[in-house]
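Open your viewer and get the selection tool ready.

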Amino acid sequence: MNKSVGYALLAGLAAVVVLISTAIFVGFGGERGGVGSSPHKPRDPAAPAVSGQWVGTWSAAAAAAEPGALDGYAGMSIRNVVHTSVGGSGARIQLSNLYGTRPLAVSHASLALAAAPSNPTAAAGTMRRLSFGGRPAVTIPAGGAVTSDPVRLTVPHDADLLVTTYSPSPSGPATYHPYARQTSYLARGDRTEDATGAAYTEQSPYWRYLTGVDVWSTEARGTVVAIGDSITDGITSTAGANHRWTDFLAARLRDEPGAPRYGVLNQGISGNRLLVNGSRFSPNNGPSVLSRLDRDVLSRTGVKAVIVEVGLNDLFKSPRQLDPERIVAGMRQIVREAHARGLRVTGSTLTPFGGHRGYSHQLNSVREQVNRIIRSGTVYDEVVDFDKALRDPAAPVRLLPAYDSGDHLHPSDAGNQAMANALNLEHLKGSVPAQL
């Protein structure tokens, strides 16, 4: 074979590879919007994204290393049940070993649509084996994370998904989210692709290793990420009902005319503070909002808007922060970092807690000073007044009884709905940072 013929064959093979790669890329698109994305000015956020793009439909922040699971879950299948905010024609997942001290070997993983809400049985024909870089297994280094390859699956909005992982060997502490308000399941042995839930006899109130699900959507235009404490985490919302304020927000974004069609990611951690990190083994603190902002908010898939609800635990927990200027300085740092990514930030006032065991006139005075500064417009780009939405007009330091879960701090389901209703959806559409 002469050189010219050889070069011609090589060129032909290269062209075939390019065509195949392009076909695969067209199937799911890329991180920046995929084939069909345009350099021209964006559409109205309320309009559908015809070309399709990846958006976040569900998330949970990695909160801590699970106490009592210091060797992980060797030889067990973990079936996490999660609820979508938006749907799509394909999906991929994110797994985290943030609090692991050894590599986490995942030899088998799957994704399916649940046959019924909160049920470990997969809907017929929806079980999909997941791969990572084209391989069925993946090893996640200690402190690391991984995203699966996409799979074709019709994912409805407002539906439960089953994400199952199997680890054959001990892996160090399990990274988890403790206050899921959702029942997940465990089974002995590798039951990853079991469509039936019969083997999943152990129930769990936690999410383990799983930190996100993205969908390929031709309707959603992006993702709004909410970060905060137990109020955002939904710690007192009805378990299994998806009645966190972020769930009610997702319904508004899906259903209201003119609303931006965004997926909603909840990155609340119960006990979370703005300024101070909790212990890696504490199930009720988590890393501070400032320290996790990039991982949990700014780098999430398709993020277009940010909502911040945080600050009360900085008053409650030792070391207490009683200087309102220090608290709002931390909030302004969030805004600066978001602006560097071209993102506007909606921030909330601090909510009432009169009658709670942690209440004092001094702490409430600091709360009200912080709220005055927030309302002045010198902290966030936009303000959502959760204090006003939840307080009792007859006793403004307390929650309205109908919005009180009973502990005088956390909202009831009705209170969560009131919080979602308080958001001005127009505020989520902007992309040019305000000059503060």
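This is a predicted model: local features need pLDDT of at least 70, side-chain atom pairs count only at pLDDT 80 or more; totals for chains, interfaces and linings use all residues.

Residues are numbered from 1 along each chain as its sequence is written, and side-chain values use heavy atoms, with hydrogens and water left out.

Rings of Phe, Tyr and Trp (its six-membered ring) pair if their centres lie within 6.5 Å; planes under 30 degrees apart are stacked, over 60 edge-to-face, and the rest tilted. By this rule there are six aromatic pairs.

Begin by selecting tyrosine 176 and tyrosine 206, an edge-to-face pair with 5.0 Å between centres and 85 degrees between planes. Tyrosine 176 belongs to strand E12 (residues 175-177), while tyrosine 206 is in the loop between strand E14 (202-204) and strand E15 (207-208), 30 residues apart. Helices (H or I, at least four residues) and strands (E, at least two) are DSSP runs, numbered from the N terminus.

Next, select phenylalanine 316 and phenylalanine 353: edge-to-face again, at 4.9 Å centre to centre and 85 degrees. Phenylalanine 316 lies in helix H5 (residues 312-316) and phenylalanine 353 in the loop between strand E20 (345-348) and helix H7 (361-375), so the pair ties together parts 37 residues apart in sequence.

Finally, show arginine 92 and tryptophan 54: the charged end of arginine 92 sits over the ring, 4.3 Å from its centre (NZ of Lys or CZ of Arg within 6 Å of the ring centre and within 35 degrees of the ring normal).
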